[in-house]
There are 2 protein chains.
Amino acid sequence: MATRRSASLRRLCIAVAAAAALAPALVPGLAAAAGDAGTYGLGHDLQQHSPLKQVNRATVKHLVPVWNLSLSNNYPQETQPLVIGGVMYATTTDATVALDARSGRQLWRTPVNLPQDVFAEGCCGSHNRGAAAYDGKLFRGTLDAFVVALDLKTGKELWRQQAANYKDGYSMTGAPMVAGGVLITGIAGGEYGTRGFLDGWEPATGKHLWRRYTTAAPDEPGGDTWVGDNYLRGGGATWLTGSYDPDLDLVFWGVGNGGPWNPALRNSGAQPHDNLYICSAIAIRPKTGEIAWHYQFSPNDPFDYDGTNELVLADLKVGGQMRKVILQANRNGFFYVLDRATGKPLAANPFIDRINWAKGIDLASGRPIDTELTTRIKQAPEMAQPEQIFPASFGGKNWSPMSYDPRERLAYANTLNWGYVYRTEKQEQSKGQWFIAVDFSGWVWPADGKRGFLKAIDPLTGKARWQVESDIPYMGGVLSTDGGLVFTGAQTGEFMAFDSHTGKKLWQFQTGSGIVGIPTTWELNGRQYITVASGIGGAYSLFAADPRLNNVPTGGSLWTFALIDGK
Amino acid sequence: MATRRSASLRRLCIAVAAAAALAPALVPGLAAAAGDAGTYGLGHDLQQHSPLKQVNRATVKHLVPVWNLSLSNNYPQETQPLVIGGVMYATTTDATVALDARSGRQLWRTPVNLPQDVFAEGCCGSHNRGAAAYDGKLFRGTLDAFVVALDLKTGKELWRQQAANYKDGYSMTGAPMVAGGVLITGIAGGEYGTRGFLDGWEPATGKHLWRRYTTAAPDEPGGDTWVGDNYLRGGGATWLTGSYDPDLDLVFWGVGNGGPWNPALRNSGAQPHDNLYICSAIAIRPKTGEIAWHYQFSPNDPFDYDGTNELVLADLKVGGQMRKVILQANRNGFFYVLDRATGKPLAANPFIDRINWAKGIDLASGRPIDTELTTRIKQAPEMAQPEQIFPASFGGKNWSPMSYDPRERLAYANTLNWGYVYRTEKQEQSKGQWFIAVDFSGWVWPADGKRGFLKAIDPLTGKARWQVESDIPYMGGVLSTDGGLVFTGAQTGEFMAFDSHTGKKLWQFQTGSGIVGIPTTWELNGRQYITVASGIGGAYSLFAADPRLNNVPTGGSLWTFALIDGK
């Protein structure tokens, strides 16, 4: 049976070989065309890699903007647009827009009507990272924590469901996903004394199918990793988007920091509690939300090292054997390779130069080896003196997705290179307010000014094949292609292409505002297009107080590039 | 003496021939470089024409955006940026920005701090059309009717003067000009029962030098064209920018509609009063504001036919003789050629197809020949029935500047092709409110849907050499070049280049929002650049209720184009 199935598959593959090569992001249930970019992450593997190669090392010098569309607001544009059947869909904080992908002409724009006081909430600004498309509908979250389904053709709202109350500090900024026929959404608000969760919804109707809380209750597995009812305000937000392996029928989702950050407040006496499933990857069954396995990157995390960063699916040779793995460049500074079926760590090595919270990761136990500093902090509800922690709460890599090039077996990631001044303190919880019980009073910038590096990382060693330094760190997502190009954007507005072999910058274009969004690429009628949103904002802009950004104007717009006609 | 002077000039011309050819816009008092675009209108002649020709009919297919800068707001962008010594300056309603012209990187941004209630005022939206540069300073007006001087290098405000009180209905939207060492500013607010004027200021200090009211007081020449104290609320706004002939030392400025529009309320019984200087061109001495001559296009105008449209200076052969003339495509539908020294009309012919307010212009008397309809309306303070008037209050051409190509002897103008339903009525004046005493209840659109035509107009006949129709009319300014190209923008966002000989569209680019601004071109280090602001809004957008603009997003940005590297 297996053999026959493989043979059938092979024939099918031959028949549609060209199309398949151009379809990195076939959307289940959608009449997706070859060349579409129909899912967040360019496929449920979140590889952010495309086989398209019309734009390549040789031709990229002919890459020019082909259109622009104003997004009519000054919010940060952290979104990744989708392209399905010649129509592009993009989300912003205050609207969802559809446009003709070839001409850039807007087809519809559906406002998100938000209560005015929602803008006081939300940890890191008012943004939205994207949508999911399925069966004629577009699904997105809203800053006031609703899930909304729109008609792909008209933008008409088909249903909306409230996932949580924004007045409690919840918000929804990540792109939903559809896996196994179920719409799955995460939630943000880990700094607000909330309890994280994932929700499953019926795409057609919005019917609520299941909820999986990401802090374990006393009667659940992992419940013993919490003290008392701390789990009820224990964080574990799920504010980015998961990946999906249809063969295993498992969704992999990263879980955020514990709440409050101050770990001693989550412990009892001198004994650290892991606080499952904060700072973890969890594998869930999409139809039920059942947890199949978990792996905790940073047990009892004190440092805001969310485990939310994208969990990229890849096939990788480990110890001479091909393995189905998950890759993650964790905020805590280690690059993890996990077995996809079990969550067992296969490799975990630093991908940044300076880490002082752990000496390394013990692969046998799967646990980090805390430094004396971390051990001490986990027992100190109120530190007498602040300490410098590396990496900072921004992490060795922030939220914006890396790409993974399966041919080169390299991950391309915007990495960060600074620490922060950290001191635990007492804090009373107040509904809808930040509740972290930590004073973080300053950033420890590198003396040489190199705050960021775009790195080509070997997943198994964490080492960089090449790196590009940036004084103002790149905070946008990364796209790589079979054209041998790595695309990312600068906070000063330049959208850039680098040679995937050397890191040499081959091309750039100034997009009018800073880039913190996620590039994508797609093909229509034989022409390859590359799209990115421009619009400064986000965590670095809000918290880093970098005066070099003072002359980067706000203002959101969508950009699409292609080779100039005739090239 | 004259001969010697000419000889010296010729030698000078030979010495700087190349530079001169590239310097259409030398700014007096500024260290302007060849290739600068240092004045509104690309020179004090307001020709909007450039001798640059690197971008031409053959090369324009290689024209691509080289950078974009977000203007961070959703106001209409009606501005024309200036480029001086490698730095671009642009105005918006809420800020003035300077940027590196080559890279598009912002150098400074100085906010305009406006009182919140100013946005309730202003006839046609919140916009700003540009600045003047002189002696190290940038001068601009503000929506609350201040004149502001900024340091060109730093953006620091050096002085500000209040021209009028915005609470009375005054505002300032046009670009100032500097002529004969005097800064001259106009004023808007002709729909608010105001009295128009021009002001002269000392550029260095902001000292007020003179004011010239544009409705004549009883003791002034022209005072007998008004009844009683009607002149005190008689309109005559001066909301666009003048031209300047340094040889004659005359500034030419267009004066707006009468207030209220209802002409019978400005008359006494059956006898129409001309109401000087409404709907006129006036020639003034820049040092004193003294009126040297005037020419009234639309005496006792009922129809909102402002005479404010740009007064373009040209040398033109009229009746076999070279004449120094002024060209204007007036809102009233006639294209005027005036003698520059005297104001005497040399030609006045229709440039649109349908005009029903006048049968023509009598060149001997200089007066229009009113139709029976107009004669009747001028005597009817309260019409029983509405009438259809052609052209509409938008005019045969709205405010956005045409260009004039001195080689082709053609004016390229975005012309408008509709009428409106008009009925005079009684209205009490109320401070700071619209005071027009006319009910204009609808637009009379052309049956074939062709609301606009970009026309190449022969100034002496008003006839079009060619025309390009547009269903949604083009409302932006026009630029022409020695490259044989005519540039303008569409309200749907396309920035376009047409062949100046045929009107064939050779190129376009979608700029993200609608274009209502004024393109310009400049040269730096041997490369020709073309710049235009994008950002929908303005009179058509506000008043025409055109549903086809519903999917044109707001959002201001600056665009600069050049030939792709290597072309």
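This is a predicted model: local features need pLDDT of at least 70, side-chain atom pairs count only at pLDDT 80 or more; totals for chains, interfaces and linings use all residues.
**View 1. Strand β33 of chain B is largely enclosed by the rest of the structure.** Buried here means under 20% relative accessible area. In a regular strand the side chains alternate between the two faces of the sheet. Have a look at each face of β33(B) in turn: B:Leu485, B:Phe487 and B:Gly489 lie on one side, while B:Val486 and B:Thr488 lie on the other. Residues on both sides are buried, which leaves both faces covered.

**View 2. Strand β32 of chain B pairs with β33(B).** Here we meet one neighbour, β32(B), made of residues 479-481. The two strands run antiparallel and are joined by 3 bridges. The hairpin has 3 residues between its strands, and B:Gly484 adopts a positive phi near 75°.

**View 3. Strand β34 of chain B also pairs with β33(B).** Residues 494-499 form β34(B), which is antiparallel to β33(B) across 5 bridges. A handy landmark is B:Thr488, which stands opposite B:Met496 of β34(B). This hairpin has 4 residues between the strands, and B:Gly493 in the turn shows a positive phi of about 110°.

**View 4. Chains A and B are related by a turn of 180°.** Chain B can be laid on chain A with an RMSD of 0.0 Å, using that turn and a shift of 0.1 Å along the axis. The two copies are thus related as by a two-fold rotation axis. At the interface, 100% of the interface residues of chain B are also interface residues in chain A, so the copies meet through the same surface.

Terms used: Residues are numbered from 1 along each chain as its sequence is written. Chains are lettered from A and ligands numbered from 1 in the order in which they are written. Side-chain values use heavy atoms; hydrogens and water are left out. Copies are superposed by least squares on the C-alpha atoms of residues with pLDDT of at least 70 in both. Contact means heavy atoms within 4.5 Å. Buried means under 20% relative accessible area, exposed over 50%, partly exposed in between (1.4 Å probe, protein chains only). Two strands pair if DSSP finds at least two bridges between them.
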